[in-house]
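Please look over the chain below.

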Amino acid sequence: MKSLHSLPQDKNFFDTYANLIRSVVWAGLFAQVVSGITESGAIFTSTKASLEPFYLGWWGLLFAALVAALATLVIEVGLRKTFPVAVDAVLYRRWSGLELWISVFVWLLSVALFTTSGLLSFHNSRVIVDDLTPEAEQETTTQVDSIYQVETAAHRQVFVADSTLIVNNYTAKIASTGTAFDGKIKAQDEKIRGYESREVRTGKSYASRKDRVRQERAELQAEKVEALAALEAARADELTQAQADYRVQVKEAVANRKKATAEVHTTNKQAEADRLANVNKYGGGLGWFTVVCLFLFAVSVVLDRIHRKGAGITESVQIEAYDFRPGWFTEWWCAVRERINYKLHERITAFANNTPAAPKPAQPGAVYDIAEALQHVTIKLQLEKGEDDDKVIYLNTKEPEVASPRRRQIGFQKEVEAESSCDLYSTPNTEGSHTKHEYSTKELREAKQRLKMYKKRLGSHQQKALAQEREKGKVCKRTAEAIENNQSWVEHYTAVIDQLAEGLKS
């Protein structure tokens, strides 16, 4: 993403103030450099002093330098980015709609950064000069030095205890404050989940309520940041004050040592006075110079934005393809994950393709109707190999006889024995006596058996057709042909039975 500037529309206005604006802009950059140096020095000194009780050695110096550099970049780069936008909000009257909110927050951020930069630069200029100014040379003796070392060690212990207590107290305060705000934020999240659940249950939209809750949650987060920042600032102030007290105590020890050394009292006192005078002189001058630099930076930005507006220079943003694409790490990770998924799925698919299909189910056994077999004299054995290819075997057997005790014959007539051992296929001649096979013949019974068989097969295929319609939405061609074939056989044997029945009646 690149920022592009158009050519000036008002060439006369641009030419009139171009050289002045260029010089002012360079002066503003120089002012920012000076302000950044003073800020970094102050932050470095404060951080180093805060880390002294931990005796980190050169690691403490490295950490203090890193903190100072990052803090300075945040302040100065933030001013360079936000303050021009704040000035444009006034020049272009961006005080309506969503631009109003952006303008207000940009101004608030600019004021906060200006205040922070000014306070750090002004109030810590004396500390910077004091740290950079070498100590005055002192004439010492063994006794005086011993007393001085004992006093400074005691003061250092007090400073370590005080600074540790301050850090611990504010750590607990920061933790408790963060926990309290986290609880409130979590309550707002639960409200949002409650509205979402109500949307699912009722089908109504609670978008406005969720937006209000989200706004309240954002405000709570802002309050949390502000509260934590205030605690951090208070902790830094107390640590700075503890450091100042420690310095005062050290200075008192130095003064006591000066008083104890009568021989070098005048020389040492004058040297220390000269040093303090230089610190006060140059520290105050540096502080006011940083304020002037901050003012120069503000003026340079304001004049530059006015010059751009007066000359009709507009700023546009050139969007590139990479601005809306995921980062390189995201694309690399997605590519690796996709390749792994491909390899795994490829192996799973190959394994599944090599797995044989399930075996066919066993053929069902023959089903016999015992009641039907006892009533008729024909037993049908049917082997189903397909829908049309079947084999039917008819076995002739005797009709079951009812066992009864043999009675003695009365008279001179002999019993008439059946001419055949089975009356299934022929009707015995009883000369006037009626039997149950009087109106039945072999052909009629076979026709009824065939009709019953085809009706069962027709019903089975019809059930299969209904299942196919439910599952697939259509009937297979083979099933439809089987239904049609069995239906024709049912009609055929129905007609044959009717003809045979009429022949018997006639």
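Is T116 buried, partly exposed or exposed? T116 is partly exposed, with a relative accessible area of 34%. Here buried means under 20% relative accessible area, exposed means over 50%, and partly exposed lies in between (1.4 Å probe, protein chains only).

## Basis of the model

This is a predicted model: local features need pLDDT of at least 70, side-chain atom pairs count only at pLDDT 80 or more, and totals for chains, interfaces and linings use all residues. Residues are numbered from 1 along each chain as its sequence is written, and side-chain values use heavy atoms, with hydrogens and water left out.

## Overall fold

The chain has eleven helices and four strands. These are DSSP runs numbered from the N terminus: helices are H or I with at least four residues, strands E with at least two.

Of the 506 residues, 25% count as buried. The chain exposes about 35,900 Å², and carbon and sulfur atoms supply 59% of that area. Areas come from the Shrake-Rupley method with a 1.4 Å probe; for residues, only the protein chains shown count as cover. Take contacts (heavy atoms within 4.5 Å) between residues at least 6 apart in sequence: 75% join residues at least 24 apart.

## Helices α1 and α3

Helix α1 spans residues 11–51 and helix α3 residues 98–123. They pack at an angle of about 70°, with their axes 8 Å apart. That makes α1 roughly perpendicular to α3, a label for angles of 65 to 115 degrees. Axes are lines fitted to C-alpha atoms, for helices over the stretch in contact; angles run from 0 to 180 degrees between N-to-C directions. The crossing is left-handed: the near helix is turned anticlockwise from the far one by less than a right angle.

Which residues meet? From α1 come S35, T38, E39, A42 and I43; from α3 come S117, L120 and S121. By class, this contact has three nonpolar, four polar and one charged residues. Ala, Val, Leu, Ile, Met, Phe, Trp, Tyr, Cys and Pro count as nonpolar, Asp, Glu, Lys and Arg as charged, and the others, Gly among them, as polar.

T116 also sits in α3. T116 and E39 are 77 residues apart in sequence and 9.2 Å apart in space, C-alpha to C-alpha.

## Positive phi

Most residues other than glycine have a negative phi. Y55 is not a glycine, yet has a positive phi of about 55°. Y55 lies in the loop between α1 and α2 (58–91). Y55 is exposed, at 58% relative accessible area.

R93 also has a positive phi of about 55° without being a glycine. R93 lies in the loop between α2 and α3. R93 counts as exposed, at 70% relative accessibility.

Key:
Angles under 35 degrees count as roughly parallel, over 145 as roughly antiparallel, 65 to 115 as roughly perpendicular and the rest as oblique.
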